[in-house]
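Student: Please give a close account of one packing contact in this structure, and then continue to other parts of the chain.

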Amino acid sequence: MKKTVLVSGGAGFIGSHVTVELVQAGYDVLIADNFSNCDETNYKGVCAILGKEMPLVKMDFCDAAAADALFAGHKIDAVIHFAAFKAVGESVEKPLMYYRNNLESFINVLEAAKAHGCHNVLFSSSATVYGEPEKVPVTEESPRQPATSPYGNTKQMCEDILNDTVRSTEGSKEEIRGILLRYFNPIGAHPSALIGELPRGVPNNLVPFITQTAIGRRECLSIFGNDYPTADGTCLRDYIDIVDLAKAHVYAVRRMLEGKMKKGCEVFNVGTGRPVSVLELVNAFEKVNGVKLNWKFAPRRAGDVTAIWADPTLANNELGWKAERSVEQTLAAAWAWEKRLAGK
Ligand code: UFG
């Protein structure tokens, strides 16, 4: 019998790629999304890649009754929860909106899962929980640092909420098992160029800003800070291909559904283990795509950490997953996606 995975926020950037990988790995997927931060482009792209109309429920997980009805009406074996707001700056401006949306939706998912016999919950966390790490690369044992934004705080709080729920249900018939995946910097797009990142307004993140500058939608990329204590003075990050990242979810879901977890709540870093500077990324983009990018150095951006990258050993060993794609392949995919959006 095929297992069914609910993907909340399945029409978004990460959710759409995860849906594709799950279906290709043999799972049934139910997508739920309220389209508050995306249109139907990625949903349609997912259906085109998979060659079928994917089941879709338009709903808001902040609506507890709707969340309950969804779990009551479907046999859901595992849920992957993406549905959340994700803009760091906006969360500083509108903290209550972020706390209400990101916490309430996750609590409703957990309540509904408990009530209707869904025992497996995967939460999309972030490397942001490590703050400015004292030692790099970071392992799952590296300490979490106080969050610097309400967005980051909601990631930490949702980690705690899942941990507490797992602990409180252990051994009961409502038992919840949890996996927290801490993503580093997801970039790129599906090789088909049918799904990818669709930032609203001016992008905050580096790669969409690069591709929009290259296509002519933005005049110039600002590289925030060239006086960091790194080899070339720009920040170091662990950029992970979105398809590689999506595949980590398939391994994690399989581990849960096959009863292979070693404790009730497990944490895995999802990164490559490879630090790349902003300047290196910009140069790689220009080289692999044969385009010249208009960029300039600008002052540091408030809240940026100097350097963070993953030690992905635990995910490599325990999940049997490893990031495979090179930065060049990923940047080529990001550019193909941007060109397709521009109709070029
Ligand atoms: N950067 C630029 N110019 C830009 C955009 C970004 O130079 O126009 C630089 C940043 O200063 C940083 C690097 O590119 O050094 C990466 O920035 P992103 O915004 O793409 O990603 P972050 O590392 O800031 O974001 C990550 C996660 C978020 C998380 C955040 C917390 O992707 O989910 O860390 O700070 F919230």
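Tutor: Helix H7 (residues 206–215) packs against helix H9 (residues 278–289) at an angle of about 40°, and their axes are 11 Å apart. Axes here are lines fitted to C-alpha atoms, for helices over the stretch in contact, and angles run from 0 to 180 degrees between N-to-C directions. H7 and H9 are therefore oblique to each other; angles under 35 degrees count as roughly parallel, over 145 as roughly antiparallel, 65 to 115 as roughly perpendicular and the rest as oblique. H7 contributes Leu206, Val207, Ile210, Thr211 and Ala214 to the contact, and H9 contributes Val278, Leu281, Val282 and Phe285 (contact means heavy atoms within 4.5 Å). The crossing of H7 past H9 is right-handed, the term used if the near helix is turned clockwise from the far one, whereas anticlockwise by less than a right angle is left-handed.

The model is predicted: local features need pLDDT of at least 70, side-chain atom pairs count only at pLDDT 80 or more, and totals for chains, interfaces and linings use all residues. Residues are numbered from 1 along each chain as its sequence is written, and side-chain values use heavy atoms, with hydrogens and water left out. Helices (H or I, at least four residues) and strands (E, at least two) are DSSP runs, numbered from the N terminus.

Phe13, Ser16, Thr19, Val20, Val23 and Gln24 of H1 meet Asn42, Val46, Ile49 and Leu50 of H2.

H1 also belongs to a right-handed β-α-β unit with strands E1 and E2; with the strands pointing away from the viewer, the path from the first strand over the helix to the second runs clockwise. Five bridges join E1 to E2 (residues 28–33), and the two run parallel; two strands pair if DSSP finds at least two bridges between them. In this pairing Val7 stands opposite Ile31. Four bridges join E1 to E4 (residues 78–81), also parallel, and there Val5 stands opposite Ala78.

Five of the five residues of E1 (residues 4–8) are buried, so E1 is largely enclosed by the rest of the structure. Buried means under 20% relative accessible area, exposed over 50%, and partly exposed in between (1.4 Å probe, protein chains only). Thr4, Leu6 and Ser8 cover one side, Val5 and Val7 the other, and all are buried.
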